[in-house]
Amino acid sequence: MKSFEKLLLENKAWAKEKLENDPDFFNNLAGIQNPEFLWIGCSDSRVSANEITGTQPGEIFVHRNIANMVVHTDLNLLSVLDYAVNHLHVKHIIVCGHYGCGGIKASMTKHSFGILNKWLRNIKDVYRIYRKEIDALHSEGEKVNMLTELNVKEQCLNLIQTSIVQKSWKHNGYPQIHGWVYGLSTGIIKPIIDIPVGTHLDDIYEFDDL
Ligand code: CO
């Protein structure tokens with residue numbers, strides 16, 4: 001059997017098991033999508049939103065890219081964010097990075113990665129902001145971990161700088177923003193930052209006519 005054929009076989013077994021536990025499982029899910037959470041995570045194959053949080057299909061709306069970035073010109077991210085906030089009315093947005101992130105590591109090197117340079121540039125910009133405290137650390141591992149945590153924080157700030165989040169804060173009173181980092185070697189998520197609704201942001205990025 002080819003590797004991809006095994007996926008289809010596993011899918012049949014999974015669907016059968018779900019139906020055995022709850023005959024209406026797929027009927028209920030097919031009717032409506034009502035997740036409470038938007039997850040912005042890394043594309044890394046080891047950091048599956050549902051699996052590491054013990055959640056089921058239907059519970060988390062997911063966007064993933066290299067190094068869990070919130071890039072304000074990324075039409076993909078913005079479309080997901082707008083849909084999640086304004087149509088699904090998610091109450092929480094979670095930005096989840098992970099230690100040992102290849103995207104973070106790559107951004108701290110001087111190697112050229114071709115088209116990826118454009119994406120990694122966004123992480124390098126975060127490195128520049130926090131360069132002093134990162135470079136004060138001794139080992140490469142500590143530096144990567146520190147940038148991983150600070151990058152998550154910075155992406156949370158990028159979220160509240162969008163008109164989408166600011167407008168929803170003003171009119172709806174949600175979503176709350178949470179920044180987490182997942183440990184590949186422990187399986188445990190470390191909370192880094194919580195941004196409650198209405199938190200004051202740098203007024204350079206504030207809209208006062210939403
Ligand atoms: Co990663």
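Where in the structure is the place of Asn68?

1. A word on the model. What you see is a predicted model.

2. Asn68 and its backbone. The place of Asn68 is in the loop between β2 (60-65) and α4 (75-86). Most residues other than glycine have a negative phi, and most peptide bonds are trans. Asn68 is not a glycine, yet its phi is positive, at about 45 degrees. With a relative accessibility of 2%, Asn68 counts as buried, because buried means under 20%.

3. His89, another positive phi. At the other end of α4, have a look at the loop between α4 and β3, where His89 is found. The phi of His89 is near 55 degrees, again a positive value in a residue other than glycine. His89 has 35% relative accessibility and counts as partly exposed.

4. The bond to check here runs from Tyr174 to Pro175: it is cis, with omega near 5 degrees. Pro175 belongs to the loop between α9 (163-172) and β4.

5. The cobalt site. Three residues coordinate the cobalt ion: Cys42 through SG, His98 through NE2 and Cys101 through SG, at 2.1 to 2.3 Å. Along the chain, these donors follow the spacing C-x55-H-x2-C. Cys42 lies in strand β1 and His98 in strand β3 (residues 92-98), so this pair ties together parts that are 56 residues apart in sequence. Cys42 is buried, with a relative accessible area of 6%. His98 is buried too, and its relative accessible area is 0%.

6. Aromatic pairs. How many aromatic pairs does the count come to? The count comes to 4. In one of them, the rings of Phe25 and Phe26 have their centres 5.0 Å apart and their planes at 90 degrees, so the pair is edge-to-face. Phe25 is buried at 13% relative accessibility, whereas Phe26 is partly exposed, with a relative accessible area of 28%. Another pair is formed by Trp39 and Trp180, which are edge-to-face with 6.3 Å from centre to centre and 80 degrees between the planes. This pair links distant parts of the chain: Trp39 is in strand β1 (residues 37-42) and Trp180 in strand β4 (residues 176-182), 141 residues apart. Trp39 counts as buried, at 1% relative accessibility.

7. Side chains of opposite charge can pair when their charged atoms come close. The whole structure holds 7 salt bridges. One of them joins Glu20 and Lys16, with the closest N and O atoms 3.4 Å apart. Both of these residues lie in helix α1 (residues 3-21), 4 residues apart, about one turn of the helix, and both Glu20 and Lys16 are exposed. Another salt bridge is that of Arg121 and Asp125, at 3.0 Å from N to O. Arg121 and Asp125 lie in helix α6 (residues 116-129), also 4 residues apart, about one turn of the helix. Asp125 counts as partly exposed, at 25% relative accessibility.

8. Arg131 and its two partners. The side chain of Arg131 meets that of Asp135 in a salt bridge of 3.2 Å, N to O. Helix α7 (residues 131-135) holds both, 4 residues apart, about one turn of the helix. Arg131 counts as exposed at 52% relative accessibility, while Asp135 is partly exposed, with a relative accessible area of 31%. Arg131 also lies over the face of Tyr127, at 5.9 Å from the ring centre.

9. Which residues make the nonpolar surface patch? Ile66, Phe113, Ile115 and Leu116 make it, and the patch is about 350 Å². Phe113 lies in the loop between α5 (102-107) and α6, and counts as partly exposed at 33% relative accessibility.

Definitions and conventions:
Residues numbered from 1 in each chain as written. Predicted model: local features only at pLDDT ≥ 70, side-chain atom pairs only at ≥ 80, totals over all residues. Heavy atoms only, no water. Phe/Tyr/Trp six-rings, centres within 6.5 Å; stacked < 30°, edge-to-face > 60°. Buried < 20%, exposed > 50% of the residue type's maximum accessible area, 1.4 Å probe, protein only. Helix = DSSP H or I, 4+ residues; strand = E, 2+ residues; numbered from the N terminus. Lys NZ or Arg CZ within 6 Å of the ring centre and 35° of its normal. Salt bridge = Lys/Arg side-chain N within 4 Å of Asp/Glu carboxyl O. Donors = N, O, S within 2.8 Å, 3.2 Å for Na, K, Ca; no water. Patch = residues over 30% accessible without salt bridge, like charges linked within 9 Å, V, L, I, M, F, W, Y side chains within 5 Å. Areas by Shrake-Rupley, 256 points an atom, 1.4 Å probe, with all protein chains shown as cover.
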